[in-house]
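I opened this entry to keep a record of what I looked up in one model. The notes follow the order in which I went through it.

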Amino acid sequence: MIPAVLYAVPAFLLLIAMEFLSFRFLPDDEERGYEARDTATSLSMGIGSQIIGVPWKLFTAIAFAGLYVIRPFKLDPHDWWVWVLLFFADDLAYYWFHRLHHEVRVLWAGHVVHHSSQFYNLSTALRQSWTPMTSLPFWLGLAALGFPPWMIFLQQSISLAYQFFLHTERVGKLPRPIEWFFNTPSHHRVHHGSNDPYLDRNYGGILIVWDRLFGSFEPEGERVRYGLTSNIQTFNPLKVATHEYAAIWHDLRGANSWRDRAGYLFGRPGWQPTA
């Protein structure tokens, strides 16, 4: 099974090239633009995620189909309201997937890959995890509700394609109604910030209303500092993909109790045992 978003990859690469040229010929002193090693790492991470992701989609399809076929009532894709319901259900599932991958360390170990660049451009969107397995539970409920698996995959691809365009400094704030309802480059720059006011904010996929509803919204104000609170200082894709898992293993080996081991795995990133 080939994810639909793969068909958009040529367009993504073309837009990355266009954005690179825009920085080359219309530079902005406040925008970092591109750096060759960083961009190569992002592209490598994207390639690796797709190599792993394609066979994983087959397993995901089996899991979705298993829940869908035992569901006594199926949602009909010919009904327009089913698509509207799927749009909101998928976006809400993405919000909680994204939020918990920031709040639970063992989940963060995979998602940290996406935040590891100190640059912010369209290539950053392709810097994806090599461990997509942790996403499955967040979408199983949609199959259990009666959405056909192909509809779920299609909506996931639409969401990912939309989010590609959020990874740019070349677009400022959009008109207020758009900024209020939708995730925008401005909101997502905040999400990638390591400044204290920006940490663990703006988890939305297509919509930003979930962040407003659940108290995780932060508007863009001070200049965003991209990357991690402690940057990893490497462009090696394998280290980028695994560094937090290695850190977790180090902490588990040095833990004094099972309670501490549970904290290192399931506590927030940075959790430390109390004295």
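**Ground rules.** I am working from a predicted model, in which local features need pLDDT of at least 70, side-chain atom pairs count only at pLDDT 80 or more, and totals for chains, interfaces and linings use all residues. Residues are numbered from 1 along each chain as its sequence is written, and side-chain values use heavy atoms, with hydrogens and water left out.

**Aromatic pairs.** I took rings of Phe, Tyr and Trp (its six-membered ring) as paired if their centres lie within 6.5 Å, with planes under 30 degrees apart called stacked, over 60 edge-to-face and the rest tilted. By this rule I have 18 aromatic pairs. One of them is W56 with F59, a stacked pair at 4.9 Å centre to centre and 20° between the planes. Why are W56 and F59 separated by about one helical turn? They are 3 residues apart in helix α2 (residues 36-70); helices here are DSSP runs of H or I, at least four residues, numbered from the N terminus.

For accessibility I used relative accessible area with a 1.4 Å probe and protein chains only: buried is under 20%, exposed is over 50%, and partly exposed is in between. W56 is buried at 18%, whereas F59 is partly exposed at 44%. I then looked up W180 and F181, which are edge-to-face because their planes are at 65°, with the ring centres 5.1 Å apart. W180 is partly exposed at 43%, and F181 is partly exposed at 45%. I also noted a cluster in which ring pairs link Y94, F97, F138 and W139.

**Charges over rings.** I required NZ of Lys or CZ of Arg within 6 Å of the ring centre and within 35 degrees of the ring normal. R212 lies over the face of F217, 4.1 Å from the ring centre. R261 has its charged end over the ring of W258, at 4.6 Å from the centre.

**R127.** I found R127 in the loop between α4 (105-111) and α5 (136-144). Is R127 buried or exposed? R127 is buried, at 2% relative accessibility. Its side chain makes a polar contact with the side chain of S116 at 2.9 Å (a pair of N or O atoms within 3.5 Å; within protein, one must be able to donate a hydrogen and the other to accept it, and residues adjacent in sequence count only if both atoms are side-chain atoms). Not counting residues up to four places away in sequence, R127 touches residues including D38, T41, H114 and V240; contact means heavy atoms within 4.5 Å.

**H192.** I placed H192 in the loop between α8 (185-191) and α9 (209-214). H192 is buried at 4%. Leaving aside neighbours within four places in sequence, its contacts include H114, H115, H167 and R225.

**F88.** F88 lies in helix α3 and is partly exposed at 40%. Beyond its neighbours within four places in sequence, F88 is in contact with L207 and W210.

**Largest pocket.** I used a 1 Å grid over the protein atoms alone, where a pocket is an open set of points at which a 1.4 Å probe fits, with protein on both sides within 12 Å along at least five of seven lines; lining residues have an atom within 4 Å of a point. The largest pocket holds about 1200 Å³ of space, the volume being that filled by probe spheres set on the points, which are joined across faces, edges and corners. It is lined by 48 residues, of which V5, S49, Q50, Q128 and L160 are the closest to its centre. Helix α2 gives the most to this lining, with 10 residues.

Terms used: Helix = DSSP H or I, 4+ residues; strand = E, 2+ residues; numbered from the N terminus.
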